[in-house]
Amino acid sequence: MFLIIGLGNPGKEYEKTRHNLGFDVIDCIGRKYNIQLNRRKFKSIYGEGLIGNEKVILMKPQTYMNLSGESLIEAVNFYKVNNENIIVIYDDISLEVGRIRLRPQGSAGGHNGIKSIIANLNSDKFNRIKVGAGSPEGGLVSHVLGKFSKEQRDKIEKVLVVAADATEGIISKGMSEAMNQFNGINI
């Protein structure tokens, strides 16, 4: 079983913002694999289904970004999921729009949602799919809570599908092979 958690903030005002790219990828995966996120538990909205022959849990924490780890750890403890079967999907301002980067571990890189997950898991060893949100030209908060331009949004819609494919790649082929396949893509 894989636990796939997309990071974001709940509420209409945060929909389609840069900080909600993780939620957007989860929605894309749900559509692609016909997994409905219609359950509430673990301080999240979640759904269960299959990607290939592997059972997956798709989660969107409802704790707000800075407390994402609280949601994740509840699900990890309930399902007894190993860190190598966790995939966290989130926005990354160090990547340009149209890029994704897969990593099996690492620091939080200033991302408060990842800081919370590392603190709750007591480990930085979990699979990540970082989705490019572009560098801020002004303030960081206004950037990550801002929306994409129409041109950027067109790229994002394509990147969401690539990130969904990368998720399946991690599950079916392993992180190393998925990194080789997806880390060089630039839309």
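# Getting to know this fold

Lys-80 lies in the loop between α2 and β5; helices (H or I, at least four residues) and strands (E, at least two) are DSSP runs, numbered from the N terminus. This is a predicted model, where local features need pLDDT of at least 70 and side-chain atom pairs count only at pLDDT 80 or more, while totals for chains, interfaces and linings use all residues. Residues are numbered from 1 along each chain as its sequence is written, and side-chain values use heavy atoms, with hydrogens and water left out.

**Two lysines with positive phi**

- Back to Lys-80: its phi is near 55°, a positive value in a residue other than glycine.
- Is Lys-80 buried or exposed? Its relative accessibility is 66%, so it counts as exposed (buried is under 20% relative accessible area, exposed is over 50% and partly exposed is in between, with a 1.4 Å probe and protein chains only).
- Lys-16 also has a positive phi without being glycine, near 65°.
- You'll find Lys-16 in the loop between β1 and α1, and with 43% relative accessibility it counts as partly exposed.

**Aromatic rings**

- Rings of Phe, Tyr and Trp (its six-membered ring) pair if their centres lie within 6.5 Å; planes under 30 degrees apart are called stacked, over 60 edge-to-face, and the rest tilted. By this rule the model has 5 aromatic pairs.
- Take Tyr-14 and Tyr-64: their ring centres are 6.2 Å apart and the planes stand at 80°, so this pair is edge-to-face.
- That pair ties together distant parts of the chain, 50 residues apart: Tyr-14 is in the loop between β1 (2-6) and α1 (21-32), and Tyr-64 is in the loop between β4 (54-61) and α2 (68-79).
- Tyr-64 counts as partly exposed, at 41% relative accessibility.
- Phe-78 and Tyr-79 pair up edge-to-face too, with 4.9 Å from centre to centre and 85° between the planes.
- Phe-78 is partly exposed at 47% relative accessibility, whereas Tyr-79 is buried at 16%.
- Which residues do ring pairs link into a cluster? They are Phe-42, Tyr-46, Phe-78 and Tyr-79.

**A closer look at Tyr-46**

- Tyr-46 belongs to strand β3 (residues 44-51) and is buried, with a relative accessible area of 6%.
- Leaving out residues up to four places away in sequence, Tyr-46 touches Gln-36, Leu-37, Asn-38, Arg-39, Arg-40, Lys-41, Ile-57, Leu-58, Met-59 and Tyr-79 (contact means heavy atoms within 4.5 Å).
- Tyr-46 and Lys-60 are 14 residues apart in sequence, and their C-alpha atoms are 6.2 Å apart in space.

**Charges over rings**

- A charge sits over a ring if NZ of Lys or CZ of Arg is within 6 Å of the ring centre and within 35 degrees of the ring normal.
- Lys-60 has its charged end over the ring of Phe-23, 5.2 Å from the centre.
- Arg-128 does this with Phe-126, its charged end 4.1 Å from the ring centre.

**The nonpolar cores**

- A nonpolar core is a set of buried Ala, Val, Leu, Ile, Met, Phe, Trp, Tyr and Cys residues joined through side-chain atoms within 4.5 Å.
- The largest core has 33 residues, and Ile-4, Ile-29, Ile-89, Leu-102, Ile-129 and Val-131 touch the most other members.
- At least two residues of this core come from each of β1, α1, β4, β5 (86-92), β6 (100-103), β7 (127-132), α5 (150-173) and α6 (175-182).
- Which element gives the most to this core? It's α5, with 9 residues.
- Apart from this core lies another one, of 22 residues, including Ile-57, Ala-75, Ala-108 and Ile-117.

**Helices α1 and α5**

- α1 and α5 pack at about 65°, their axes 9 Å apart (axes are lines fitted to C-alpha atoms, for helices over the stretch in contact, and angles run from 0 to 180 degrees between N-to-C directions).
- α1 brings Leu-21, Asp-24, Val-25, Cys-28, Ile-29 and Lys-32 to this contact, and among the α5 residues taking part are Arg-153, Ile-156, Leu-160 and Ala-164.

**Met-179**

- Met-179 is in helix α6 and is partly exposed, at 22% relative accessibility.
- Not counting residues up to four places away in sequence, Met-179 touches Leu-102, Arg-103 and Pro-104.
- Met-179 and Arg-101 are 78 residues apart in sequence, with 7.6 Å from C-alpha to C-alpha.
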